[in-house]
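Here is a quick walk through one protein chain, written for someone who would rather look at the model than at a table. Keep the structure open while you read.

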Amino acid sequence: MFKNLDPQALGLSASQSETIELALSFGFRGISFNLVDFAGEVQSYGLPKARRLLDSAKLKLGMFPLPLDFEADDEQFRAELGRLAELSKLAASVGATQAVTAIAPANDERPYHQNFEFYRQRLAEVGHALAPHSIRLGVGFESSEAARRDKHFEFIHDLDALLVLLSTVGQSNVGLSLDVWHIWATGGSLETVSQKLKAEQIVAVALADAALPGDGDPHDAATRLLPGETGVIDSSAALSMLADLGYDGPVTPLPDRGRFAGMRRDAIAKLAGEKLDAVWQAAGLKKGSGVRVHGSGAGANR
């Protein structure tokens, strides 16, 4: 696995070249990118020029947000699905092999059983569109109660329910986007994750810490912190678990953006890199990879 910089996750407004510079400066081995924006650059300047910086930086492309709205009406969804096939070919040409999305945890139109079939079918179609280009789709869930408030019908908002849905999709390239904070917020455990999942089922990983008791509602996403800031969530143990499983994908720090109010862009990236480095080292992982240093780390004796 590798340390991944997602500028959007940190609230950074950065061009491709600026993102690459931040990643190289502060110890990241991969970057997330916006596939739609990149496609626009290719259209304007041609693929060789658009990809030149990516090639020279030798960074991995961690993941890209799936450019498709699952809640769109049928006509729009079909149009976006057709466009996705074109974009997927472009993504694969530059080595981007992971897309991520999330399930809406509630809605006003479809009760649970109807919504389950709605998402099962659409996820299967998306997986089918991505498969020819060897792109995997990571699907996440939203645990926050606020995201379900004032909606008529609740839907998937924990790991167990999401895994049931994913098991019915029938596409081997559709897996889990694992957000350790959401697992913790729903009372889940790392042991549960390691028992129920194999490495190939995990497409992408996000890490965040939680607020200390008394520092606001710990289950409010606005209190998400950088990995290792409080230790309420054991990020090093999460990394050890992932190393034991053999996970080799991106690991992205994903705090609440409000955490960085008033900070400069380079200071934010530097802090995120330092915090991720610290939990990486505590897990006993080699600096440039997710391979454990023999006999060390949070999970070495398990």
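## The start of helix H9

At the start of H9, Asp234 points a side-chain oxygen to within 3.3 Å of the backbone nitrogen of Ser236. That falls under the heading of a polar contact: a pair of N or O atoms within 3.5 Å, where within protein one must be able to donate a hydrogen and the other to accept it, and residues adjacent in sequence count only if both atoms are side-chain atoms. Bear in mind that this is a predicted model, where local features need pLDDT of at least 70, side-chain atom pairs count only at pLDDT 80 or more, and totals for chains, interfaces and linings use all residues. Residues are numbered from 1 along each chain as its sequence is written, and side-chain values use heavy atoms, with hydrogens and water left out.

## The rest of H9

Buried here means under 20% relative accessible area, exposed means over 50%, and partly exposed is in between (1.4 Å probe, protein chains only). Helices (H or I, at least four residues) and strands (E, at least two) are DSSP runs, numbered from the N terminus.

The buried set is Ser235, Ser236, Ala237, Ala238, Leu239, Ser240, Met241 and Leu242. What do they pack against? Their partners are strands S9 (174-179), S10 (202-207) and S11 (250-253), along with helices H7 (180-185), H8 and H10 (265-282). After H9 comes Gly246, with a positive phi near 90 degrees.

## Strand S7 and its neighbours

S7 is mostly covered, with 4 of its 5 residues buried. S5 (residues 98-102) runs parallel to S7, joined by 5 bridges, and Ala99 sits opposite Leu137. S9 also pairs with S7 in the parallel sense, over 3 bridges (strands pair if DSSP finds at least two bridges between them). There, Leu137 stands opposite Val174.

## Tyr119 in H5

Tyr119 belongs to helix H5 (residues 112-130). Buried or exposed? Tyr119 is buried, at 1% relative accessible area. Leaving out residues up to four places away in sequence, Tyr119 touches Phe70, Glu71, Ile103, Ala104, Arg110, Phe155 and Leu165 (contact means heavy atoms within 4.5 Å).

## How confident is the prediction?

The chain's mean pLDDT is 92, with 95% of residues at 70 or more; pLDDT is the predictor's confidence in each residue, from 0 to 100.
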